Amino acid sequence: DTQARRVLKKIDLLLEGGHFLSIDPRTDKLYYPHRSDNRVVVLDTRTDEIVKIIPVQGGPVGVAFTPGGEAWIHSDYDGSVSVIDMGTDEVVAVIETGGRGAGRMAVTPDGRYAASTHGDTEDVAIIDTATREVVASVHLGAGPGFPLFSPRSDKLYVMNSRAGDFVVIDLATMSEEARYDVGVNPFGGTIRPLGGR
């Protein structure tokens, strides 16, 4: 209870190594990847009950949702991306990105592209969600963190924690458009549209 500042309930998720949970507002389901156990817990936030535990290989960490009802999961250990049909909560595709290492996941607001960052290969794989193929791999620099798409689905932003900068990628050309020094250890963030733009 955020107003009373007290814990109302604790939920035993049965697994260990959880990272970066996310709730789909259309279904009220929470998807919680567990890297150590190679599984994703699905929780109904209306009842706080576990709906399903889905096997996802490669050390699942990041999660993002498409407008069409899929959960896309980044895996740290092998750099793959798993696609979950949220109607059945089954893995329907595993995409080998060619990248390796810790990273996160994002999907454009229009659902056309997904992005998966990779710490070891220092890149971001941009995936066409319709064909489920990697259409570009862009070098980022040391320590790529959360990818963020612009509200218009035309730009991709990624902060590099060890490089101390962030990269802007133009999705029309699938190439770096700009790079900005921002200080020490930038990693995550959000985009807030101003004035309804």
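Strand E13 (residues 144-149) is mostly covered, with 5 of its 6 residues buried, where buried denotes under 20% relative accessible area, exposed over 50%, and partly exposed in between (1.4 Å probe, protein chains only); helices (H or I, at least four residues) and strands (E, at least two) are DSSP runs, numbered from the N terminus. The model is a predicted one, in which local features need pLDDT of at least 70 and side-chain atom pairs count only at pLDDT 80 or more, whereas totals for chains, interfaces and linings use all residues. Residues are numbered from 1 along each chain as its sequence is written, and side-chain values use heavy atoms, with hydrogens and water left out.

E13 and E14 run antiparallel and are joined by 4 bridges, two strands being taken as paired if DSSP finds at least two bridges between them. Pro147 has Val158 of E14 as its bridge partner, and in the hairpin of these strands, which has 5 residues between them, Ser153 adopts a positive phi near 60°. Asn160, which belongs to strand E14 (residues 155-160), is buried at a relative accessible area of 0%, and a polar atom of its side chain lies 3.0 Å from the backbone oxygen of Leu140.

Salt bridges, defined by a side-chain nitrogen of Lys or Arg within 4 Å of a carboxyl oxygen of Asp or Glu, number 9. In one of them the side chains of Glu177 and Lys155 meet at 2.4 Å, N to O; because Glu177 lies in strand E16 (residues 175-181) and Lys155 in strand E14, the pair ties together parts that are 22 residues apart in sequence. Glu177 is partly exposed at 45%, while Lys155 is buried at 17%.

Notes. A polar contact is a pair of N or O atoms within 3.5 Å; within protein, one must be able to donate a hydrogen and the other to accept it, and residues adjacent in sequence count only if both atoms are side-chain atoms.
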